[in-house]
Amino acid sequence: MHKEGDEIHVTEEEATAAKGHQHLRYVLGISLFLIVVAMSIIWIIPALQT
């Protein structure tokens, strides 16, 4: 980070304050899939019993 007059310049890594975590995409994808399956089961089972 460096300052030029009133402007402060930071690198991309400093601006995000973190590195990219690829495994989070897998966690979010699997979670979304499981939620869709659970919601489908909750909807389908009562529909079959009527």
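**Figure 1. Surface of the protein chain.** The protein chain exposes about 5,000 Å², and carbon and sulfur atoms supply 67% of this area. Accessible areas come from the Shrake-Rupley method with a 1.4 Å probe, and for residues only the protein chains shown count as cover. This is a predicted model, in which local features need pLDDT of at least 70, side-chain atom pairs count only at pLDDT 80 or more, and totals for chains, interfaces and linings use all residues. Residues are numbered from 1 along each chain as its sequence is written, and side-chain values use heavy atoms, with hydrogens and water left out. Of the 50 residues, 0% count as buried (under 20% relative accessible area; exposed is over 50%, and partly exposed lies in between, with a 1.4 Å probe and protein chains only).

**Figure 2. Overall form and elements of the protein chain.** The radius of gyration of the protein chain is 23 Å, whereas a compact globule of 50 residues would have one near 10 Å; the radius is taken over C-alpha atoms, and the globule rule is 2.2 Å times the number of residues to the power 0.38. Along the principal axes, the C-alpha atoms fill a box of roughly 70 × 20 × 10 Å. The chain has two helices and two strands, in the sequence pattern β-β-α-α. Helices (H or I, at least four residues) and strands (E, at least two) are DSSP runs, numbered from the N terminus.

**Figure 3. Confidence in the elements.** The mean pLDDT, the predictor's confidence in each residue from 0 to 100, is 87 for the protein chain, and 94% of the residues score at least 70. Among the elements, helix H1 (residues 12-16) has the lowest mean pLDDT (79) and H2 the highest (94).

**Figure 4. Leu28 and Ile41 in helix H2.** Leu28 is found in helix H2 and counts as exposed because its relative accessibility is 61%. Ile41 also lies in helix H2 (residues 23-49), but counts as partly exposed, at 46% relative accessibility.
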